[in-house]
Amino acid sequence: MKALKISLAVIVAAAITTGIIMWITSIGKVKEISLPKNQFTAKIEQEIEQLSQMSDNKFCKEFYNEIAYQIKDFHKQNRFGNNQSENDQWKENLEKNLYSSYTDKFIKQAFVVFQGSEWKPDDLKFIQAEKNELKKSKLLVVGSPVDKEFTTIQTALNKYNEIVGFISSCKGLGYSGSTLSDRFPLADVQSKISRAASLRKNRLENEYVNHCIRLHNDLKEIPQNLFRLHVKYLDHKIDYWSGMYSNYNSQRDYANNLYIPLKAEINMLDNDIYNVGNFDSEQSRLLNKWSADNTNAYNYSYPKR
């Protein structure tokens with residue numbers, strides 16, 4: 001009898017539990033009310049689908065803006081629902097779907113650019129601006145896959161800009177000092193050549209930026225460009241001091257205080273730093289150019305009679 005009572009109690013408890021579960025489930029189902037569609041919601045959904053199917057090889061910002069405008073305009077005219085609640089809910093849903101579809105498409109389009117070898121400045125400018133704009137949206141979930149992709153895009157852009165800035169600093173290294181104590185900044189030159197070599201060796205320190213052929217070519221040319229700037233500096237210095245022999249008391253005075261010191265600076269050109277093919281010819285040209293001034297100085301001090 002006792003066992004029978006226990007069994008009945010278990011059965012009753014199970015029945016009650018089942019009833020509660022069914023009650024909770026029925027409440028949940030009541031809440032799952034789908035919004036009624038109409039020609040306006042259908043039009044926007046169709047266009048969002050069209051956007052998601054667009055090519056990854058061409059940005060579609062204009063189409064995105066057009067859809068976003070239509071959503072706001074239809075909502076303003078209460079086209080989405082039979083009442084304000086439905087109208088507002090449709091606007092929220094459509095904006096979320098549009099943002100999701102467009103960010104997915106934009107990310108794919110950005111990486112098509114990153115996987116290419118050209119990296120057009122206008123494309124990069126657009127990617128930066130559009131990433132910033134999408135990143136500010138309240139629809140973006142922090143830490144989501146989309147957010148992480150934005151971080152990857154920004155990391156690539158940062159490295160690209162860093163390298164472009166570095167290359168620019170190398171091209172602008174020109175030094176115009178012309179006093180005998182001035183020296184071309186060789187420590188800076190060596191640092192820049194070493195950095196350029198390191199970037200090339202390490203695949204530009206970013207798997208996407210590494211695809212940019214222009215950066216590889218510019219980095220490769222840095223030793224030659226810096227050598228050219230060094231030669232330009234020496235040419236300028238020779239031009240500045242040429243003909244100054246008349247300011248010295250004698251040929252010996254000119255040689256000791258001007259000719260020999262500047263010749264020594266020309267001889268200090270070191271191809272172990274630059275490793276360029278035209279080193280010998282350029283150094284010889286500079287030495288001959290300065291030697292011609294020494295000849296003129298000699299003729300000035302010891303004129304033929």
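Cys170 is buried in this predicted model, at 2% relative accessibility. Buried means under 20% relative accessible area, exposed over 50%, and partly exposed in between (1.4 Å probe, protein chains only). Cys212 is buried as well, with a relative accessible area of 0%. A disulfide is a pair of cysteine sulfur atoms within 2.5 Å. By this rule, zero disulfides are counted.

The model is predicted: local features need pLDDT of at least 70, side-chain atom pairs count only at pLDDT 80 or more, and totals for chains, interfaces and linings use all residues. Residues are numbered from 1 along each chain as its sequence is written, and side-chain values use heavy atoms, with hydrogens and water left out.

The protein has twelve helices and zero strands. Helices (H or I, at least four residues) and strands (E, at least two) are DSSP runs, numbered from the N terminus. Of the 305 residues, 36% count as buried. The accessible surface comes to about 18,700 Å². Carbon and sulfur atoms hold 53% of that surface. Areas come from the Shrake-Rupley method with a 1.4 Å probe; for residues, only the protein chains shown count as cover. Contact means heavy atoms within 4.5 Å. Among contacts with a separation of 6 or more, 72% join residues 24 or more positions apart.

Lys159 is found in helix H6, residues 145-171. Lys159 counts as buried because its relative accessible area is 13%. Leaving aside neighbours within four places in sequence, Lys159 is in contact with Arg195, Leu204, Glu205, Asn206 and Val209. Asn206 lies in the loop between H7 and H8. Asn206 is also buried, with a relative accessible area of 13%. With neighbours within four places in sequence set aside, Asn206 touches Thr155, Ala156 and Lys159. Asn206 and Ala156 are 50 residues apart in sequence, yet 6.6 Å apart in space, C-alpha to C-alpha.

Helix H7 (residues 186-201) packs with helix H8 (residues 213-220) at an angle of about 145°. Their axes are 9 Å apart. Axes are lines fitted to C-alpha atoms, for helices over the stretch in contact, and angles run from 0 to 180 degrees between N-to-C directions. At this contact, Ala196, Leu199 and Arg200 of H7 meet His216, Leu219 and Lys220 of H8. By class, the contact has three nonpolar, one polar and two charged residues. Ala, Val, Leu, Ile, Met, Phe, Trp, Tyr, Cys and Pro count as nonpolar, Asp, Glu, Lys and Arg as charged, and the others, Gly among them, as polar.
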